[in-house]
Amino acid sequence: MQDAKLLLVDDDPDVLLAARLLLKRHVAAVDIEKNPEKLPFLLNNNQYDAIVLDMNFQRDVSSGREGFAWLDRILDIAPDSKVILFTAYGDVEMAVRAIKAGAVDFVLKPWQNDKFLETIRKAVEAKKEASEEAGFANGKKNGKDSGDKKASKQTNIIGSAMRPILDTVEQVAPTDANVLILGENGTGKDLIARAIHEHSDRRDKPFVSVDVGALTESLFESELFGHVKGAFTDARDDRAGRFEEANGGTIFLDEIGNLTPSQQARLLTVLQQRQVTRVGSNKARLIDVRLICATNADLNERVAERAFRQDLLYRINTIELHLPALRERPGDVGQLAEFFLKKYAKQYNRSVSGLSPALLAEMKQYQWPGNVRELQHAVERAVILARPELTTGTLLEPINFVFKNGATVATPVSDTLQLEDMERQLIKQAMQKYRGSITDVARELGLSRQALYRRLEKFGM
Ligand SMILES: Nc1ncnc2c1ncn2[C@@H]1O[C@H](COP(=O)(O)OP(=O)(O)OP(=O)(O)O)[C@@H](O)[C@H]1O
């Protein structure tokens, strides 16, 4: 505990002083703060081993409501925080509720020194154990051992509502079962498909992603199954298709709901026979691929309408994963927003203080039709628009602006121009880096292929 760093937040300076005097003798550092509004800034700039938080600040004397709200905020910003609540004698029931809400313990005021120290020591230890476990799981994830239950918790898939889905991913990944991922655009289907691959024994083999919905009828077969030289006018060389490229690994077929009846029939044959024949050849090649499909369409409805073959559905949906829309999981909005905020603040070298509780509440109310992708872009734009000279509270204005106007329309003229320039530059660099591969560029930029196509068109690239 001697190398621990603590944060104490209480609006009573006497309490802060007394607690610091006691604790300073036992730990490396004790930060004290009267104003809980500073919490986002402090958490974004420090790593605390334990945080002691008062339940009642002046504005709201005894209900503890402010304490709960700040506890939530702390866990949004730094989900692994160990928070201990300070509470007046008689508030024990409230403290118990707070523990259910994610605090690790509580201390009654006025405190007994021994008990207070013991509570802090336990929290610091719990934090240390959790960090060691996380480091261990990370190591395993990159290593050969696929049996680590905690591995997927260490991926960058954020949000409490995603936990049950990640548990299923862990269970299903090591099997070769076909997986169908359902969810609206931007809910994380691609991310989950990659997580399944990463946690399977195929992780060292290719992960090949194909947006089958974007393939024209004439390209479908040669793109997926390959062709031989001379098979059609543009076929100057033999070329392996995406299934062959994925051999030994995983193939991810996105927008599967958009296949035409003849494409469905051709795909079904390949899946049944587990072999592909290049266009223009008569030699069948055996393939060993794990199949993951995704769609934002309601496939059962499409089967009922006879627009999607039932036998194909049964072949691809051994395991079905439903990703909820972001509006159905408002609790994840704060966690995702904080995650992207940190990510982009670092990427664009911006100093940002965090989201105000009022804005966060507004964001939780918003419907997010573009789901996580829209939220991600709103935060990115807000971080870019944040002026370096406005540090505290900088985010509020631009994100409000972006958020109110939708992530894609009208920002003030100069900002739009700046952003467009930046966007054009980013796309240009990525196109050079990946030699024009739309899939790779779209992945790097966090755009769907369609969104990337729209931008390429807009910029005349
Ligand atoms: N839970 C999450 N945690 C962190 N990032 C996420 C999460 N869900 C989605 N994202 C991010 O949001 C963006 C969109 O996600 P993704 O491409 O996986 O969605 P999708 O459902 O496949 O979208 P589409 O249907 O448009 O192809 C990506 O940048 C992804 O990294």
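This is a predicted model: local features need pLDDT of at least 70, side-chain atom pairs count only at pLDDT 80 or more; totals for chains, interfaces and linings use all residues.

**Around the ligand**

Two helices, α7 (189–198) and α15 (371–385), each supply at least two residues of the shell around the ligand. I counted 21 residues around the ligand, and the closest are Gly188, Lys189, Asp190, Val372 and Gly446. By type, the shell splits into six nonpolar, eleven polar and four charged residues. Why do I say the ligand lies between two domains? Domain 2 (152–322) and domain 3 (326–458) both give residues to the shell, so the ligand lies between them.

**The chain as a whole**

Next I zoomed out. Of the 461 residues in the chain, 36% are buried. I also looked at contacts between residues at least 6 apart in sequence, and 67% of these join residues at least 24 apart.

**Asp54**

I checked the UniProt record, where an unreviewed entry lists Asp54 as "modified residue: 4-aspartylphosphate". In the model I found Asp54 in strand β3 (residues 50–54). Is Asp54 buried or exposed? It has 23 other C-beta atoms within 10 Å, so I noted Asp54 as buried; the cut-off for that is 20 or more. Leaving out residues up to four places away in sequence, Asp54 touches Val9, Asp10, Asp11, Gly67 and Phe86.

**Glu33**

Then I moved to strand β2 (residues 29–33), where I found Glu33. Glu33 has 18 other C-beta atoms within 10 Å, so I put it down as partly exposed. Glu33 and Leu8 are 25 residues apart in sequence, yet their C-alpha atoms are 6.2 Å apart in space. Not counting residues up to four places away in sequence, Glu33 touches Leu7, Val9, Lys38 and Leu42.

Most peptide bonds are trans, and most residues other than glycine have a negative phi.

- I found a cis peptide bond between Lys109 and Pro110, with omega about -10°. Pro110 sits in the loop between β5 (105–109) and α5 (113–142).
- Arg274 is not a glycine, but I read a positive phi of about 55° there. Arg274 is in the loop between α10 (261–273) and β11 (275–277), and with 12 C-beta neighbours inside 10 Å it counts as exposed.
- Trp368 also has a positive phi, near 45°. I placed Trp368 in the loop between α14 (357–365) and α15. With 25 C-beta neighbours inside 10 Å, Trp368 counts as buried.

How values were computed: Residues are numbered from 1 along each chain as its sequence is written. A residue is near a molecule or strand if its C-beta atom, placed from the backbone, lies within 6 Å of it. Helices (H or I, at least four residues) and strands (E, at least two) are DSSP runs, numbered from the N terminus. Ala, Val, Leu, Ile, Met, Phe, Trp, Tyr, Cys and Pro count as nonpolar, Asp, Glu, Lys and Arg as charged, and the others, Gly among them, as polar. Domain bounds come from an automatic or database domain assignment. Two residues are in contact if their C-beta atoms, placed from the backbone, lie within 7 Å. UniProt positions are given in the numbering used here, feature names are shortened, and annotations may be inferred rather than shown by experiment.
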